[in-house]
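The briefing below goes through selected local features of one protein model, grouped by topic. Please keep the sequence and the coordinates at hand while reading.

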Amino acid sequence: MRRNRRKSQADQAVAVSALLLAALFLLPLAVVAPFRSALDRREEPADEAEREPPLPPFAAGELDAARPLRVLDGEEILEMDLGTYLVGVVRAEMPASFEPEALKAQAVAARTYTLYKLQSGGNHGEAADVCTDHTCCQAYIDEESARANWGENAGAYEAKVEAAVRDTDGEAALYGGVPILAVFHSSSAGLTRAAGEVWLNDLPYLQAVSSPEPGERIPNYYSRVEFTEEELKAKLLAAFPEADLSGSMEGWLRDPAADGAGSVATLSVGGVTAKGTQVRTALGLRSACFTWEVQGDKAVFFVTGYGHGVGLSQYGASAMAAAGADYREILTHYYTGVTVEPYRG
């Protein structure tokens with residue numbers, strides 16, 4: 001009987017110990033449990049990339065705002081002031097990464113070209129003043145499309161372009177007090193070309209001048225194009241149907257003559273005298289500064305620069321700006337004998 005009582009007391013002691021141990025382990029859980037949902041919640045990650053606040057709508061300067069334009073964009077006529085149009089042109093025509101003074105020079109050149117078009121009657125009769133086709137007038141791109149192209153730099157680039165137009169409000173390159181035909185191109189071969197070497201008429205303000213082209217930093221400044229015999233013959237005959245291309249390919253192009261800028265002024269295409277610019281267009285070369293040779297069964301053309309080479313060189317302008325030139329110095333360098341001033345005519 002006494003043994004049973006002792007066994008019962010021992011069992012009770014074991015049970016109490018078990019309860020105490022269980023309480024020891026469960027107590028922390030009981031304390032933590034009400035807060036577990038809060039501990040387990042993960043805060044939404046903060047967006048560390050600061051979003052650029054949108055720029056206010058562009059407001060043209062007084063002189064640009066006073067010139068309304070009708071711009072033919074495809075089949076649609078857009079109405080805007082000159083300043084708003086120029087922002088779209090500068091966005092499209094010059095890389096926004098270029099130096100600010102180069103962008104200002106581009107803005108003045110684009111404004112001058114537009115004023116020249118307005119005074120000469122343009123190409124669109126009564127329907128519109130200018131268009132957005134670069135082969136006819138000047139390239140143009142709206143802000144939304146430009147921002148999509150620029151990506152993370154969109155805000156800074158848009159601000160640079162708008163500043164270039166606003167800071168040159170109304171200014172134009174003038175010769176004899178009137179706006180010039182302010183043509184421009186991407187990059188030359190170290191010298192720009194006189195207008196008479198490219199087109200029918202020479203102009204006193206479009207003469208050959210030196211241009212500091214940073215060739216190593218210009219995409220495709222040196223380019224190479226290859227044609228098979230069949231390809232070359234088809235392209236040349238499409239442009240020069242009177243050419244005699246019956247012999248071997250080595251004799252199709254002969255007697256190249258260089259102009260003052262080192263581009264091909266003229267050459268013989270199967271006995272037909274042609275301008276280098278015509279051959280450039282026929283073959284789709286980046287410029288008329290080219291040489292060629294026959295390598296096996298292919299004709300290989302080596303090309304320097306991009307564009308017609310007349311007037312303002314955009315890459316040259318950016319190089320001048322990086323060296324400390326302001327936009328007026330750039331413009332008066334590339335357009336011989338001009339002044340840069342507000343035009344109210």
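**Briefing on selected strands and helices**

In this predicted model, an open sheet is built from 3 strands in the order E2-E1-E3, and the pairing within the sheet is mixed. Its edge strands are E2 (76-81) and E3 (130-131), each of which pairs on one side only.

- Strand E9 (residues 264-269) is largely enclosed by the rest of the structure, because 5 of its 6 residues are buried.
- Strand E8 (residues 253-258) pairs with E9 in the antiparallel sense over 4 bridges, and the bridge partner of alanine 257 in E9 is threonine 266.
- The hairpin of E8 and E9 has 5 residues between the strands, and glycine 262 takes a positive phi near 90° there.
- Strand E10 (residues 272-275) is joined to E9 by 4 bridges, and the two run antiparallel, with serine 268 standing opposite threonine 273 in E10.
- E9 and E10 also form a hairpin, with 2 residues between them, in whose turn glycine 270 has a positive phi of about 55°.

**Threonine 277 in helix H8**

- Threonine 277 has its place in helix H8, which spans residues 276-283, and this residue counts as buried because its relative accessibility is 15%, where the cut-off for buried is under 20%.
- Leaving aside residues up to four places away in sequence, threonine 277 touches Arg193, Val198, Val264 and Ala288.

**Helix H10**

- In helix H10 (residues 327-334), the residues Tyr327, Ile330, Leu331 and Tyr334 are buried; they lie on the same side of H10, because they cover an arc of only 95° around the axis.
- The buried residues of H10 pack against helix H4 (100-120), strand E4 (171-175), strand E13 (312-313), helix H9 (314-322) and strand E14 (339-342).
- The N-terminal end of H10 is capped by aspartate 326, of which a side-chain oxygen lies 3.1 Å from the backbone nitrogen of arginine 328.

Key
Residues are numbered from 1 along each chain as its sequence is written. This is a predicted model: local features need pLDDT of at least 70, side-chain atom pairs count only at pLDDT 80 or more; totals for chains, interfaces and linings use all residues. Side-chain values use heavy atoms; hydrogens and water are left out. Two strands pair if DSSP finds at least two bridges between them. Buried means under 20% relative accessible area, exposed over 50%, partly exposed in between (1.4 Å probe, protein chains only). The arc is that of the directions from the helix axis to the C-beta atoms. Contact means heavy atoms within 4.5 Å. A polar contact is a pair of N or O atoms within 3.5 Å; within protein, one must be able to donate a hydrogen and the other to accept it, and residues adjacent in sequence count only if both atoms are side-chain atoms.
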